[in-house]
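Subject: Handover of a structure and findings on its side-chain contacts

Dear colleague,

Please find below the structure that I am passing on to you. My findings follow directly after it.

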Amino acid sequence: YRLTLEEQKTKKIAELEKAAALNYVSGFISNATGDNLLYDSALEDQQLIEGLYNRAKEPDWATTVRFPGLGPAGTVIIRARASSDDEKKEILHDGPALIRLGKDLDSHLMKVKVAHWQKQKEVLETNSYQDLKKITW
């Protein structure tokens, strides 16, 4: 039994869903500290970065120790690496770095979302098995 084109499209869309989900959590590059670093982006990392982004905008961020043992007032340590082959290092982030990091995470997530939408559109608009096979993440 050969799947119909519509069934193949449904299967392809499911494959793209999995690829997008993997890309959301595969990490992202940010130069928030002045160096290009690879940050994790698993769901808990996304939540942490979002929370730190919001806290860094609080008026007393620079003068209050929020996380004793993880940096002086106005800072916090986040682990990142220079490349996927490197070990993670503890990097001190100040308020402006956290805000940049939050924006870079948002950009990463939006790029994945837009790519996913585009791939879904390609699948829905294709009219042949051959063209459907060409659509990959």
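In what follows, a salt bridge is a side-chain nitrogen of Lys or Arg that lies within 4 Å of a carboxyl oxygen of Asp or Glu. Please note that this is a predicted model.

Salt bridges

Under that criterion, eight salt bridges are counted. Side chains of opposite charge can pair when their charged atoms come close.

One of these bridges joins Glu15 to Lys12, with 3.8 Å between the closest N and O atoms. Both residues belong to helix α1, which covers residues 5-24, and because they are three residues apart there, about one helical turn separates them. Glu15 is partly exposed, its relative accessible area being 40%, whereas Lys12 is buried at 12%.

The closest N and O atoms of Arg100 and Asp104 are 3.0 Å apart. Arg100 is partly exposed, with a relative accessible area of 35%, while Asp104 counts as buried at 13% relative accessibility.

Helix α4 (residues 129-134) holds both Asp131 and Lys134, three residues apart, which is about one turn of the helix. Their side chains meet in a salt bridge with an N to O distance of 3.8 Å. Asp131 is partly exposed at 38% relative accessibility, and Lys134 is exposed at 62%.

Aromatic rings

How many aromatic pairs does a search of the whole structure find? The search returns one aromatic pair. It is formed by Phe28 and Tyr39, which are stacked, with 5.7 Å from centre to centre and 25 degrees between the planes. The pair links distant parts of the chain: Phe28 is in strand β1 (residues 28-30) and Tyr39 in strand β2 (residues 37-39), 11 residues apart. Phe28 is buried, with a relative accessible area of 3%, and Tyr39 is also buried, with a value of 1%.

A contact between a charge and a ring is present as well: Arg2 lies over the face of Tyr129, 3.8 Å from the ring centre.

Nonpolar surface patch

Which residues form a nonpolar patch on the surface? The patch consists of Met110, Val114 and Trp117, which together have about 310 Å² of accessible area. Of these residues, Val114 lies in helix α3 and counts as partly exposed, at 42% relative accessibility.

Asn54 and Gly95

Finally, Asn54 is placed in helix α2, which covers residues 43-56. Asn54 is partly exposed, with a relative accessible area of 39%. Asn54 and Gly95 are 41 residues apart along the chain, and their C-alpha atoms are separated by 9.7 Å.

Yours sincerely

Technical notes:
Residues numbered from 1 in each chain as written. Predicted model: local features only at pLDDT ≥ 70, side-chain atom pairs only at ≥ 80, totals over all residues. Heavy atoms only, no water. Helix = DSSP H or I, 4+ residues; strand = E, 2+ residues; numbered from the N terminus. Buried < 20%, exposed > 50% of the residue type's maximum accessible area, 1.4 Å probe, protein only. Patch = residues over 30% accessible without salt bridge, like charges linked within 9 Å, V, L, I, M, F, W, Y side chains within 5 Å. Areas by Shrake-Rupley, 256 points an atom, 1.4 Å probe, with all protein chains shown as cover. Phe/Tyr/Trp six-rings, centres within 6.5 Å; stacked < 30°, edge-to-face > 60°. Lys NZ or Arg CZ within 6 Å of the ring centre and 35° of its normal.
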